[in-house]
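Let's take a walk through a protein together. Keep the model open beside the text and look up each residue as it comes along.

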Amino acid sequence: MSYNFNEAKEHIVNSYGRLEPVISHGEGVYLYDTNNNKYLDFTSGIGVSSLGYGHEKWVKTTSKQLKTLAHASNIFYTEPSVKLAQELTDKANMSKVFFANSGAEANEGAIKLARKYSYDKYGANRSKVLTLIQSFHGRTITTLKATGQEKFHKYFFPFTEGFDYVKANDIQDFKTKLSDDVCAIMLEAIQGEGGVIPLDKDFVQELVEICKEKDVLVIFDEVQCGIGRTGKMFGYNNFNVEADIVTVAKGLGAGLPIGGILCSTKVADVFKPGDHGSTFGANPVACAGALVVLDEICNEKYLEKIAKRGAYVKEIIEEANNPQIEAVRGFGLMIGIKVKCEPALVQKEAIKKGLLVLTAGKDAVRLLPPLVITKKELKAGIDIILEILSNLES
Ligand SMILES: Cc1ncc(COP(=O)(O)O)c(C=O)c1O
């Protein structure tokens with residue numbers, strides 16, 4: 001049975017601004033709707049489907065794991081989770097990992113971890129977490145409050161206390177907000193939902209240096225920009241700094257839910273039995289799939305390819321000199337096109353032409369194509385966007 005848009009609306013809570021096509025299946029970098037219309041996908045399910053759809057090795061590996069062992073409680077270790085932990089911490093140059101199921105859950109756990117580290121070492125009342133204005137960290141009561149956008153701080157009172165917000169790229173503002181009760185700062189190397197806005201290298205480097213001196217933990221939220229998306233293992237690797245805690249999700253799952261809190265040696269043993277947990281965390285099927293992602297994407301050769309493809313996209317957009325485009329932002333295949341018109345208008349027109357794109361912040365058309373996309377496929381999608389923008393102009 002296939003549902004149309006209005007039928008689907010009757011059954012699912014209306015919490016998303018949904019778009020018209022009901023998605024039926026995917027193949028490579030294409031999605032198909034229930035009427036078998038084909039769409040080139042520049043969204044990856046918001047940064048998840050890094051291997052595209054129906055990736056042979058990923059499907060084979062996860063299917064095999066599904067038959068072998070779909071779930072075991074965290075009272076036991078399982079092979080896929082230990083193997084993934086080892087590979088992930090190796091590639092990330094971190095010590096240990098806690099597995100969760102989503103970005104918000106990973107961030108929530110990272111905040112708990114930072115607070116416990118500080119409590120153990122300095123006692124109570126050093127629990128404040130700084131985040132950046134225009135950031136996005138999730139939809140739970142705590143991660144909504146961690147999100148530095150006023151529009152998310154309504155209705156759901158009381159929110160978790162102990163957050164303050166720093167202007168991105170303003171080191172003076174950071175110094176002012178860095179009171180004695182701060183235990184950590186959480187940042188996205190590239191603000192995704194906020195508009196695909198990369199942080200300045202100088203700002204990040206100085207901030208990390210100050211945090212190190214004051215034993216304030218640096219948490220990078222790599223949920224959207226991590227796991228190869230920017231042409232590096234992590235977005236923050238573009239700034240040559242080290243992190244105390246790194247959160248991951250989205251692209252690591254490639255289609256299955258997984259999240260992770262990567263811990264440096266400083267915090268690796270802070271959680272003791274009973275401090276944190278998650279029933280589905282470290283799910284063997286999700287972990288087996290994530291191992292394929294690491295293998296396929298997170299190696300030097302492939303990361304370089306992603307960086308080059310991103311540079312190619314920027315080049316063709318810039319060469320087009322389209323008067324509707326004010327700037328192209330981002331690294332690798334995390335790209336924001338700052339447009340003069342309403343980004344949602346471009347998104348709607350693109351669907352009519354068989355292309356799926358995202359929007360971000362107030363002014364950006366956001367592109368997060370599968371990381372396995374070819375140059376030719378990228379060019380085809382960009383041509384559609386440029387055509388739409390040219391038509392708007394005339
Ligand atoms: C940077 C960042 N952090 C956290 C989240 C929340 O992730 P999830 O939706 O998996 O809870 C998102 C989701 O868009 C994100 O972009």
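A residue is called buried under 20% relative accessible area, exposed over 50%, and partly exposed in between, with a 1.4 Å probe and protein chains only. Before we use these words, note that this is a predicted model, in which local features need pLDDT of at least 70, side-chain atom pairs count only at pLDDT 80 or more, and totals for chains, interfaces and linings use all residues. Residues are numbered from 1 along each chain as its sequence is written, and side-chain values use heavy atoms, with hydrogens and water left out.

Let's begin with charged partners. A salt bridge here is a side-chain nitrogen of Lys or Arg within 4 Å of a carboxyl oxygen of Asp or Glu, and the structure holds 17 of them. One of these joins Lys266 to Asp215, at 2.8 Å from N to O. Lys266 sits in the loop between strand S12 (259-263) and H9, and Asp215 in the loop between helix H8 (201-214) and strand S10 (217-221), so this pair ties together parts 51 residues apart in sequence. Helices (H or I, at least four residues) and strands (E, at least two) are DSSP runs, numbered from the N terminus.

Another salt bridge pairs Lys57 with Glu296, whose closest N and O atoms are 3.3 Å apart. This pair links distant parts of the chain: Lys57 is in helix H3 (residues 56-68) and Glu296 in helix H9 (residues 284-297), 239 residues apart. Lys57 has a relative accessible area of 35%, so this residue is partly exposed. Glu296 is partly exposed too, at 28%.

A pocket is an open set of points on a 1 Å grid over the protein atoms alone, where a 1.4 Å probe fits, with protein on both sides within 12 Å along at least five of seven lines; lining residues have an atom within 4 Å of a point. The second largest pocket contains about 950 Å³ of space, a volume filled by probe spheres set on the points. Its lining has 32 residues, and Asn74, Tyr77, Val97, Phe98 and Phe99 lie nearest the centre. H4 gives the largest share of this lining, 5 residues.
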